[in-house]
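Trainee: Could we go through this model together, one question at a time, with the criteria spelled out as we go?

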Amino acid sequence: MGKNEIEIIKYPKIKHVKMFVNEIKSVDNHVHNDFEISLCLKGNASFTVNGNEFSIVEGDVFFINSGDVHAITNVSTNSEVDKKFEDPIFLFIQISNHFVRDYFPQIRTSVFKSGNLKSELSEKEYKILLYMLTEAALNYFAETKYYQLEIVSCVSKALTFAYKSFKPEIINENQKQKINRKSSRLERIISYIDANFDSQIRLEDIASKENLSVTHFSHLFSSNFGMTFQEFINIKRMEQCIRLMANKEKTLLEISYESGFSDPKYMNRIFLKKFGCTPKEYRKKYSMHTEDNVILVGKLETIFNDNEAYLEVKKFADKNELEFIF
């Protein structure tokens with residue numbers, strides 16, 4: 001994702017369903033009103049949802065509820081910078097809560113508990129789920145004949161597994177509106193931070209904008225993001241440092257100030273805590289690797305085109321022999 005972490009989802013191919021494949025180093029905290037199913041095609045990652053951390057490995061399917069604040073981090077980047085080429089690859093399927101609403105109106109007011117579906121299903125059910133997700137994706141990226149019907153069928157089946165496994169709460173419309181207001185508030189907070197983290201930014205300023213006391217805002221923030229306001233700002237600034245490192249003309253001192261750090265020594269401490277190395281060491285190790293002569297440092301995620309996405313999903317399906325389960 002880019003500078004703005006509010007995700008306004010559009011559906012370019014089929015109404016109420018969007019699919020894409022990403023190679024991920026880090027995806028910032030963000031929130032959207034769609035359900036999201038993520039299939040790890042390769043590698044390991046850490047999901048943080050409403051402050052709770054989940055370990056994800058290849059083959060896991062993680063379900064994220066509408067309105068849950070979530071972020072993704074490559075596990076290898078937490079300790080060893082050298083593991084550059086092990087960035088995980090994910091298939092993401094985003095589903096509007098208006099999907100199949102004419103037939104199942106409860107989808108509009110369903111509240112799930114985000115979690116790993118692999119731990120909730122039998123081996124046979126899970127194999128069927130993997131088939132449904134990959135079959136939907138292959139049809140989506142290739143736009144095969146009747147692909148719309150294939151996608152609706154497969155995604156509906158995947159959602160059925162989620163309903164049976166997580167047994168969501170079906171709330172009333174007033175409760176749903178309350179949740180939507182909270183999501184909107186979190187979106188505004190993220191948006192304000194994105195626009196201002198590279199300059200002076202204070203918790204008190206955002207609390208005032210939201211008409212909340214500092215104490216209330218601090219509790220709201222930590223309970224939904226799993227970290228303090230200052231820790232969140234430091235991560236934003238560190239990730240901006242990584243983006244700016246792609247410009248070899250910029251010095252680390254310039255990068256530090258342009259990312260919002262008032263003291264380069266403080267930036268060093270943040271990098272050491274997160275990556276186990278200094279910004280200088282991080283930049284040097286990443287800049288040693290190139291891909292088509294493009295410096296890779298600075299890239300936090302790569303979105304594949306339809307052809308590349310199809311090949312990644314097909315590779316996973318073939319490896320797991322999913323085409324032979326029926």
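Trainee: How many disulfides does the count come to?

Mentor: This is a predicted model, in which local features need pLDDT of at least 70 and side-chain atom pairs count only at pLDDT 80 or more, while totals for chains, interfaces and linings use all residues. Residues are numbered from 1 along each chain as its sequence is written, and side-chain values use heavy atoms, with hydrogens and water left out. A disulfide is taken as a pair of cysteine sulfur atoms within 2.5 Å, and by this rule the count is zero.

Trainee: Is Cys 40 buried or exposed, and what about Cys 241?

Mentor: The classes rest on relative accessible area with a 1.4 Å probe and protein chains only: buried is under 20%, exposed is over 50%, and partly exposed lies in between. Cys 40 has 0% relative accessibility, and Cys 241 likewise has 0%. Cys 40 therefore counts as buried, and Cys 241 also counts as buried.

Trainee: How many of the residues of strand S7 are buried?

Mentor: Helices (H or I, at least four residues) and strands (E, at least two) are DSSP runs numbered from the N terminus, and S7 covers residues 70–74. From S7, His 70, Ile 72 and Asn 74 point one way, whereas Ala 71 and Thr 73 point the other way. The strand is mostly covered, and the number of its residues that are buried is five of five.

Trainee: Which residue in S7 is the bridge partner of Thr 48?

Mentor: Two strands pair if DSSP finds at least two bridges between them. Strand S2 (residues 26–30) pairs with S7 in the antiparallel sense over three bridges, with Val 27 partnered by Ile 72. Strand S4 (residues 45–49) and S7 are also antiparallel, over five bridges, and there the partner of Thr 48 is Ala 71.

Trainee: Why is the pair of Phe 63 and Phe 166 called tilted?

Mentor: Rings of Phe, Tyr and Trp (its six-membered ring) pair if their centres lie within 6.5 Å, and planes under 30 degrees apart count as stacked, over 60 as edge-to-face and the rest as tilted. The whole structure holds 20 aromatic pairs. In this one the ring centres of Phe 63 and Phe 166 are 6.3 Å apart and the planes stand at 50°, so the pair is tilted.

Trainee: How many residues apart are Phe 63 and Phe 166?

Mentor: Phe 63 is buried at 0% relative accessible area, and Phe 166 is buried at 16%. Phe 63 belongs to strand S6 (residues 61–64) and Phe 166 to helix H2 (residues 147–166), so that the pair links distant parts of the chain, 103 residues apart.
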